[in-house]
Structures are given as C-alpha cells and as structure tokens.
Amino acid sequence: MGEELFNVLTVQEAREKMASCLPADLRRITRKSLLDCLGMRLAHPVVAREDVPGFMRSTVDGYAVRAEDTFGASEGLPAFFTVTGEVRPGVAPERVIAPGEAMRVATGAMLPPGADAAVMVEYTEEAGEGCIEVLRPVGPGENILRPDEDIKAGEEVFPGNHLLRPQDIGYLASIGEVELDVFAPLRVGIISTGDELVPPEEKPRPGEVRDINSYTLYSMVRALGGAPVLYGVVRDDTGLLENRLREACRETDLVVISGGSSVGTRDHTAGCIAALGEPGLIFHGLAVRPGKPTLGGVVDGKPVFGLPGHPAAALISFDLLVSPLLKFGGYHSLSEGASPVKAVLARSLGSAPGREEYFRVKLRRDQGRIWADPILGKSGLLTPMVEADGIVRIPLESEGLAQEAEVDVYLFGTDYVL
Ligand SMILES: Nc1nc2c(c(=O)[nH]1)N[C@H]1C(S)=C(S)[C@@H](COP(=O)(O)OP(=O)(O)OC[C@H]3O[C@@H](n4cnc5c(N)ncnc54)[C@H](O)[C@@H]3O)O[C@H]1N2
Ligand code: MOO
C-alpha cells in the first residue's frame, strides 16, 4: 500500500528523454506567399534589403524648409519665405530648396534636397502671391522621417521562429518580402479513448460522458498554429487502439491520446505505444499535479503522448509537453515566449515537495494591485478550467506559497512557455 504506481519523471527529465529520441526540429519548411503567413513562424531570420522609408519624408501637411531659416520666427516677427512650388505625393522633387525658400508638401511626400524640416500649415500665413510667413521655428529633423529611420538595410528585422502577427505582415510588405520560408503547421493526430465517451451531439446515457478532450485539444492545436486531425473515440480495446494509433502515426507528425494513461485495467495506451515501434514508451508518469498519469513515447521518429483523461489535466500536460513542439519544433529553446503577468496571491496555496503543481487563477484588480484568486476544484471538474484567466506554477521543491506572495501568471491565449 502507498506504493507509487509510476516511475515519475520531472517535466525537465521527460523533455530531455523525449528530445534524445527526436530530430532537433520536427517541422518542415515551406515557402508561402506573404498573405498566407499570418499565424505562422519564420523558418529563418529576416534581414531588410532596403531602407524604409528610403527617402526623406514629411510627416505633416505644410512646407519643406531649411530649419535654420525659421530660427527666431514668432507671430510678432514671422520669417518670410518664397514658395517655389509643390511636391506631389509619389513624385521626387527636382528643385533644391535654397535659403529663404519653401515648397508645399503633403504628409508623406518626399522632401526636396536642401530642406531638413517641415513647418505645419497651421503655423504659416499667406503673405501675398507665392509667399508665406512662418510663425514658429522648427528644428532640424522636425516633422520629417529620415530615409532609414524606420528600417535600416542590413538590419535583422525578425529572428527565426518569430510568430507572424497582422502588423508583421504589413511590415514585411514594406521591405518587399512577398514570399517567405515558414514552418509548415505540424499535423497533430488526436485520439480519445474510453467506453464511456459519446460524441457531443449525442445525449449521454447514465454513466456516459460527452467527448470533451477531442474538442479542447483540437482547439489548442489550432490556437498554436498546428493542423489538428481528429481520429475520434476509440473503445477501451488494445487492438482497436493499436490500429487507430498506427493510422494516426502514418498520417500525422505527432499524436496525442487522451484517457487510458493511468494504470487501471482499461488503460491500454502505454502498452500500445510500446508495441507499435522503436523506441516505444519513453516515460510513464510526471511529477506534476494535475497531469501525473502522462506518458510519452516515440514511434518511428514521431512523438506520441498519452494525456490524462480528466480534461483539465489533459490541458496542463498538453501545455507542458506538446505546446513546445508546436511553438519550437522541439524542446531546445524554451526560454522564449510571452512574459507572465506579475500578480499577488489572494490566498495561500499548499503543495507537496517533489512535484510541480499548477493552479488555475482568476485575475482581479483591487487597490492598485493585481490579485490572483486561485480557483480550486477537483481536476475532474470543468468549470474551474473555464473560469480561470491563467495558471501559476509552484516549483518542484516548494511546500507552497504564502498569501500575498508575488506570483507569475501565465495567461491563457498568450505565447507563454511553461
Ligand atoms: N489508483 C489510481 N488511480 C488514479 C490515479 C492514480 O495515480 N492512482 N491517477 C488519477 C488521475 S490524477 C487521473 S488524471 C486519472 C487519469 O486517468 P486516465 O488517463 O487513465 O483516464 P481515464 O481513466 O480514461 O479517464 C479519467 C476521467 O476522465 C474522463 N475522460 C476521459 N477522456 C475524456 C474525454 N475525451 N472527454 C471527457 N472526459 C474524459 C473519464 O470519463 C474519467 O472520468 O486517473 C486517476 N486515477
Ligand atoms: O492528472 Mo490528475 O487529474 O492529476 O488529477
């Protein structure tokens, strides 16, 4: 009695063991047109080949001038300028600005040679045919962009693996990068196991439950830029599971099975992975809560994970072991990712040393501080998973955290790495 059922590994040990049997990066590189790259990750760093804007540019509607000609100008003693023409947008001005001269410019238009500033039209007055008065001085560089002020040719604008957001797509358009090498989405096969599971469109009979994990895991994969493939619900039968797993391994890049990862009489996942191919089962049991009955293996170069059946535990296990593969293709660059939010713990949390614990928390602002309210509940319950804004980790050797301790909250929906 009291004996451990699994030989648990820490998350770090499990990642290292898996990594030693996997290629450094599971992802393929593919070339895509810029408009198809949203949500994808760059396969290589991008180096700008040109300056942006590439020419001196006005940021206001007004007049291009030599700044020094406006020095000392005021409403009482305006500076007088001869207007020698207008720069049309999209056209390079041919005239040079000589002392005492100005040219009309629209926002974004190119500055004529000789000019080093622009005066806003509201600080000027007409002063007869072809002349203006400037009522305020401008400094050199005022109201203009330098040719390389935004982007410098030769500069690395994005590192490899950068996740492309809408603003990044426009930025890449500005330097003419219309085709890019990106990582192809990893295809993730998803299998649910359990005699009690029915599809969500069916009304469960007593003892049955709807299949939740296929839906959350499918959505997790999509949210991380992967390509989920559903393999449905498999009954608790070794032969059926082996066949479905073989099919999923053939058709996808990695497979997650939820349920049946523990050591009950109906828990077949470990045996199936072991039977299917080399090197087979790599670990069974993680020193985390929730998520202890997690297992991992490698079948013909492809990672296969057995996640706990409890939906909340399946999510944490997925985040610890599958998310890094979707974000980085492997477990080698885990220091990246979105920064957590600093919050103050609203109540103390106990934890057993020797395992990491993950608590779901809800954030609340009060008296100028951000509080993290732990949402407690058994891992078989679904509501805490939905009420929470994010998760807090209690490290392996900690016995817990005191009330008002400062904690890092990893917000769901951000690109964090646990
Ligand atoms: N004697 C022990 N029993 C259990 C231990 C243990 O250490 N010793 N660990 C417990 C923990 S922790 C968890 S988590 C569960 C995980 O067990 P399995 O991975 O084998 O999962 P199942 O037994 O198949 O299911 C557990 C639970 O989750 C429900 N489930 C499963 N799949 C789905 C799905 N796709 N959608 C919705 N719900 C699902 C299932 O009906 C069960 O209620 O083991 C504990 N037992
Ligand atoms: O993985 Mo279980 O749900 O730790 O509770």
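**Two ligands and the largest pocket**

Ligand 2 takes up space that belongs to the largest pocket. The model is a predicted one. Start with the residues around this ligand. They are Pro 290, Gly 291, Lys 292, Pro 293, Pro 308, His 310, Ala 313 and Ser 379. By class, the shell around ligand 2 holds four nonpolar residues, three polar and one charged.

At Gly 291, a backbone N or O atom lies 2.6 Å from an oxygen atom of ligand 2. At His 310, the side chain takes part: one of its N or O atoms is 3.1 Å from an oxygen atom of ligand 2.

Now turn to ligand 1. Ligand 1 also sits in the largest pocket. Its surroundings comprise 21 residues. The closest are Glu 196, Asp 211, Ile 212, Ser 261 and Ser 262. The shell around ligand 1 divides into seven nonpolar, nine polar and five charged residues.

Next, look at the backbone around ligand 1. Ile 212 is one of the closest residues, and a backbone N or O atom of Ile 212 lies 2.9 Å from a nitrogen atom of the ligand. Gly 309 places a backbone N or O atom 3.0 Å from an oxygen atom of ligand 1. How much of ligand 1 does the protein bury? Taken alone, the ligand exposes 870 Å², and the protein buries 70% of that.

Methods:
Residues are numbered from 1 along each chain as its sequence is written. Chains are lettered from A and ligands numbered from 1 in the order in which they are written. This is a predicted model: local features need pLDDT of at least 70, side-chain atom pairs count only at pLDDT 80 or more; totals for chains, interfaces and linings use all residues. Side-chain values use heavy atoms; hydrogens and water are left out. A residue is near a molecule or strand if one of its heavy atoms lies within 4 Å of it. A polar contact is a pair of N or O atoms within 3.5 Å; within protein, one must be able to donate a hydrogen and the other to accept it, and residues adjacent in sequence count only if both atoms are side-chain atoms. Accessible areas come from the Shrake-Rupley method with a 1.4 Å probe; for residues, only the protein chains shown count as cover. On a 1 Å grid over the protein atoms alone, a cavity is a set of points where a 1.4 Å probe fits but cannot get out, and a pocket is an open set with protein on both sides within 12 Å along at least five of seven lines; lining residues have an atom within 4 Å of a point. A molecule sits in a cavity or pocket if more than half of its atoms lie within 2 Å of its grid points. Ala, Val, Leu, Ile, Met, Phe, Trp, Tyr, Cys and Pro count as nonpolar, Asp, Glu, Lys and Arg as charged, and the others, Gly among them, as polar.
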